[in-house]
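Trainee: I'm new to this one. Can you put it on screen and take my questions as they come?

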Amino acid sequence: MRAIPEALADHLAQGATTLCRCWSLTRRDGLVLGFTDHDGPLVFDGVTFAATTGLEAAETSAELGFAVGGGDVSGALAADGLNEADLARGLYDDARVTVWLVNWAEPTQRLRLDTGFVGEVRRSDGAFTAEIRGLAKAFDEERGRLYLRSCSADLGDARCGVSLAPAEAVVRTTDGRLSLTAATLAAFADGYLTGGRLVFTGGSAIGFATEVKRHAATGTDASLELWQAPPRRRQPVPMKAPLLRDDIVEATRGWIGTPYHHQASLRGVGCDCLGLVRGVWRDLHGSEPEQPPPYTPGWAESLGTETLVAAALRHLLQVEPGEAQAGDVLLFRWRAHLPAKHCAILSAPDRIIHAHDGAEVAEVAFTPWWRRHLSHAFSFPGVID
C-alpha cells in the first residue's frame, strides 16, 4: 500500500486541490530535465520542471508479477525540452523517468507515483508521444554475460578469443535443407568443424550464416549437418512499373494510425508489422504473392528459424542494410541468437514506419537502438532509384 505524506493527504482531503504532475527525465549521459503539465515552472530536488512543452499524460497501467506496465506522455517539441535533433540522435533511448504528483501551490507536498524508462518515441507535426515502460521491462533485457552449460560467446568474437581461419569449399550435394557435402573439407578430422560457423558466399543462399551441428568425415567428402536450413529463394514477382520510392513511402504513410492487431492486414482497422508490409505490397501491386501461415506472437523464439528472412528473399530484393533507402523493408532481431521477427519500412534516412504490440502504426525515429538491431534490408522489385 502506498503511503501518502501527511501534508499532501490533508490537502487531498480538502474540497479543492492544486495538483499537477511532474516528470524528471535522466538521460544516460547524466543530463536531467524536468517537465510539468502545470502552467508555470516548478522547482524541487534541484530540478526545474518546465511548463513550456504542453505535456499531457495518457492512462497508465500496472501489471501483476513481472509483466511490463506503463503508459504514454504527449507534448510539443520545444528547443528547451525534447527537441527533434536530440530525439533523432537517440539521446533519450532508455532514459529514466520519475513521475510525481505535486501540489503546485506548495511543492514540498508531493508523492512519487512511478519510475520507469522511456521506450519508443513517436513524432509527428511538431509533437511527440513517449512510451513510458515500467521497471519490470528490465527483466526482458539481456544484461551482462550469460552463464550456460555450453559457451555463451559467439565463435570468433572478442569474448571467445579464438582466431578463426576460414576454409573455403564448394557444396557438392545437399538435401536442400540441413545437410550438405563438400569434398574440399575432407582434410579435416571427423568432428573438427562441429560448432563452427558456415557462411554461404554464393548461390541462392548467399549471405546466410548458421552454426554447424555435426561434422563427419566420410571418405573423400565431408558431411555437414546444420542447425538452420538456408532460405529458399525464388524469383521475385515484378511490381507495377515504374515504382518510385516516394510512391512506397506515401502508400506506407497511408497506414499511419491503424491500430495494432496480430496477424491482421487491413488499413484503418488493424495490422501487425508484417501486415503493414503486406498491405503496402497490395496497395502497390494489387495482390499478395503468397498468404502467410498462422503464427503466434512468439513464433521466432519457438521455431528458431529465419522464416521472415526466407519469405523476404522469395519476393523482395536483398540489399546491404547500410545502403537501405526510403521505401525499403527493414528486418530486426531482438537478440543476436534469435531469428529476425520484426519489420518496418524506411520512410527517410532517420525515420521508419512500423506497427508494434500495444500501439498503432506510427512513423518514429530510426534511432541507434533500432540500428543496432537491424539485421536485413530489402527493396521492392521494380523500384526506380
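Trainee: Where is the place of Asp45?

Mentor: Asp45 is in the loop between strand E3 (42–44) and strand E4 (47–50). Helices (H or I, at least four residues) and strands (E, at least two) are DSSP runs, numbered from the N terminus. Before we go on: this is a predicted model, where local features need pLDDT of at least 70, side-chain atom pairs count only at pLDDT 80 or more, and totals for chains, interfaces and linings use all residues. Residues are numbered from 1 along each chain as its sequence is written, and side-chain values use heavy atoms, with hydrogens and water left out.

Trainee: Is Asp45 buried or exposed?

Mentor: Exposed, with a relative accessible area of 54%. Buried means under 20% relative accessible area, exposed over 50%, and partly exposed in between (1.4 Å probe, protein chains only).

Trainee: What about the phi of Asp45?

Mentor: Asp45 has a positive phi of about 55°, although it is not a glycine. Most residues other than glycine have a negative phi. Gln263 also has a positive phi, of about 70°, and is not a glycine.

Trainee: Where is Gln263 placed?

Mentor: In the loop between helix H3 (245–253) and strand E16 (265–266). Gln263 counts as partly exposed, at 34% relative accessibility.

Trainee: Let's go to H3. Which residues are buried there?

Mentor: Arg245, Ile248, Val249, Ala251 and Thr252. Down the axis of H3, these buried residues fall within an arc of 160°, so they line one face of the helix. The arc is that of the directions from the helix axis to the C-beta atoms.

Trainee: And which exposed residues are on the face turned away from the buried side of H3?

Mentor: Asp246 and Glu250.

Trainee: What do the buried residues of H3 pack against?

Mentor: They pack against strand E15 (243–244), helix H4 (273–285), E20, E21, strand E23 (374–379) and strand E24 (383–384).

Trainee: What does the side chain of Arg245 reach?

Mentor: The side chain of Arg245 reaches the backbone oxygen of Ala326 at 3.0 Å. The Arg245 side chain also makes a polar contact with the side chain of Asp328, at 2.8 Å. A polar contact is a pair of N or O atoms within 3.5 Å; within protein, one must be able to donate a hydrogen and the other to accept it, and residues adjacent in sequence count only if both atoms are side-chain atoms. Arg245 itself is buried, at 10% relative accessibility.

Trainee: Where is Ala326 placed, then?

Mentor: Ala326 is in the loop between strand E18 (317–319) and strand E19 (329–332). Ala326 is partly exposed, with a relative accessible area of 23%.

Trainee: What is Ala326 in contact with?

Mentor: Leaving aside neighbours within four places in sequence, Ala326 is in contact with Arg245, Val249, Leu346, Ser347 and Ala348. Contact means heavy atoms within 4.5 Å. Ala326 and Ile352 are 26 residues apart in sequence and 8.8 Å apart in space, C-alpha to C-alpha.

Trainee: Which residues of E21 are buried, and on which side?

Mentor: E21 covers residues 351–354, with Arg351 and Ile353 on one side and Ile352 and His354 on the other. All four are buried, so both faces are covered. In a regular strand the side chains alternate between the two faces of the sheet.

Trainee: How many bridges join E20 to E21?

Mentor: Three, and strand E20 (residues 342–348) runs antiparallel to E21. Strands pair if DSSP finds at least two bridges between them. A hairpin joins E20 to E21 through two residues. Ala348 has Arg351 as its bridge partner in E21.

Trainee: How many bridges join E21 to E22?

Mentor: Four, to strand E22 (residues 362–365), again antiparallel. His354 stands opposite Ala362 in E22.

Trainee: Change of topic. How many residues are in the largest nonpolar core?

Mentor: The largest has 27 residues, and those with the most contacts inside it are Val280, Leu331 and Phe380. A nonpolar core is a set of buried Ala, Val, Leu, Ile, Met, Phe, Trp, Tyr and Cys residues joined through side-chain atoms within 4.5 Å.

Trainee: What gives the most to this core?

Mentor: H4, with six residues. A second, separate core of twelve residues includes Ala324, Leu330, Trp370 and Ala377.
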